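Dear colleague,

Please find below the structure that I am handing over to you, together with its sequence.

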Amino acid sequence: MNRTVAAIPAVRKTEAEAQVAAPAPKRLASAGTAGRRPRKRIREDKLVSDGDLISHGDLISKLPDDILGTIISLLPTKDGARTQAIARRWRPLWRLAPLNLHASYHLCSKQFKSLSVVSRILSDHPGPARRFVFSLVRLHKAKKRHAEESAQIENWFHSRALRNLKELDISFDLLDYVHEKLYPLPSSVFCLAPTLLVATIGFCKFPKEITHSLSFPLLKQLNLRRVSICQDVFHGVLSACHLLESLELQEIRDTNCLRISSATLRSVSLCACFAAKGELFIEDAPLLERLLLPCPREGRETIRIIKAPKLDILGLLSPRISQTEIANVVFQRNNTIATVKVLALEFPVPDLNAVIDVLRCFPCLEKLHVIWEKYLNIGMKNARQYDPLDPVKGLDTHLKKLVLKNYEGSEQDVGFAKFFILNAKVLKELKFGVSHRINKQWVADQYRLLEMENRASRGAQLEFIQNDYGSSLDAHDLSTADPF
């Protein structure tokens, strides 16, 4: 979450310093006399008693040390360190504040030099640390220099400054771009396990074995992105997380099968879960509420949910997913899953029959999102034609909200939307995400074409909005009732 921190006031100069720094007075060409106004004297009642020249308007410096320390810890790393130069009052505060170390381009523009900068900060700051972020750590390829830098990185996680670290976000540059060789995850990273609340690890290779004593007693959010990890180590890491609530997996390498069992997990996000073809089993997740699939890869993933009795948010389901199965029930005709209340589907075209086939599996569905992505270019499986004598369960009693994204108002789009308008008897809201400009005449035409005067639910309302392409699914935000 972005925070706004009050600007730190500039230090005023003394009168003597101002006179020394002032340029030589200019003389008028005509009279030869000084042509400047006399400088105003600084009033003594505007000076603080500790010798630093800070005006009464500088209210921020009067705050207690612990509050100032919190403010400093929220600043970018370089700006936080610079607060030591403001005044004598501020000099010890950076070392007393929790360290927020973000090794970005703004910390050091030279990639290799940033390693030594990070090492120096960690040696200067006594800790504790709130957050440590270093994206795409890059090492020299020369063997001697590479070994020295590897040892340097290994020592980071033993440093006093990173004791009690709360948030870790680290990833490594590829050792070999041709063969996509990953850097081995430093074993000392696990020294941070006892205090971590959030961990993001990317572009690295986990060790083949981990100690049985490994424990993440406080970890609530875990992100694994483009990492190589075997089934046993993955199981060991999850088993060591006693409070884990959300898990994000992206392009897991060197394995074709992962199994998830967790008594505390509430949210799982799979973004192109496997780098190659693979199966994911959610074997036992009694508290799992949402399974998010933001970017499945075509034909590469099979998802089997064996036990997740509280699952109520699911998607994006797509033809790109080879197979999805819940409680040994594959999404086929006459099989139903009653727990899901919010569902998101992704299709290349507005195929009403295909969507209806899926809806038959979710009789208690309350919110439906349908996204039409023409770039998918995937052939649809044959779906049976809708039979009015065989209605879809839930349309009469449960479906309250329908969202259609990439709606253009074509004949096919209108036919799809009109089906729900004429058949969903408790529908309250139908929202259209439109790519082109929206004007009053176009909206009036849509109301007419959609036959709103014949709607099944008299309380149904239409809303046309511009598509929001900036939003993304957040696996860790459990406060939103509908993440789509």
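The protein chain contains 10 helices and 21 strands; helices (H or I, at least four residues) and strands (E, at least two) are DSSP runs, numbered from the N terminus. This is a predicted model, in which local features need pLDDT of at least 70 and side-chain atom pairs count only at pLDDT 80 or more, while totals for chains, interfaces and linings use all residues. Residues are numbered from 1 along each chain as its sequence is written, and side-chain values use heavy atoms, with hydrogens and water left out.

Regarding confidence, the mean pLDDT (the predictor's confidence in each residue, from 0 to 100) of the protein chain is 80, and 78% of the residues reach 70 or more. The pLDDT is below 50 over residues 26-34, a stretch with seven contacts beyond near neighbours in sequence; contact means heavy atoms within 4.5 Å. Residues 41-55 also have pLDDT below 50, with 26 such contacts in the model.

As to the overall fold, 62% of the contacts between residues at least 6 apart in sequence join residues at least 24 apart. Of the 484 residues, 45% are buried, where buried means under 20% relative accessible area, exposed over 50%, and partly exposed in between (1.4 Å probe, protein chains only). The chain exposes about 25,700 Å², of which carbon and sulfur atoms supply 51%; accessible areas come from the Shrake-Rupley method with a 1.4 Å probe, and for residues only the protein chains shown count as cover.

Leu218 lies in the loop between strand E6 (204-205) and strand E7 (221-225), and it counts as partly exposed because its relative accessibility is 34%. His476 is in the segment after strand E21 (461-466); this histidine counts as buried because its relative accessible area is 16%. Leaving aside residues up to four places away in sequence, His476 touches Gln221, Leu222, Asn223, Ser246, Leu247 and Glu248.

Yours sincerely
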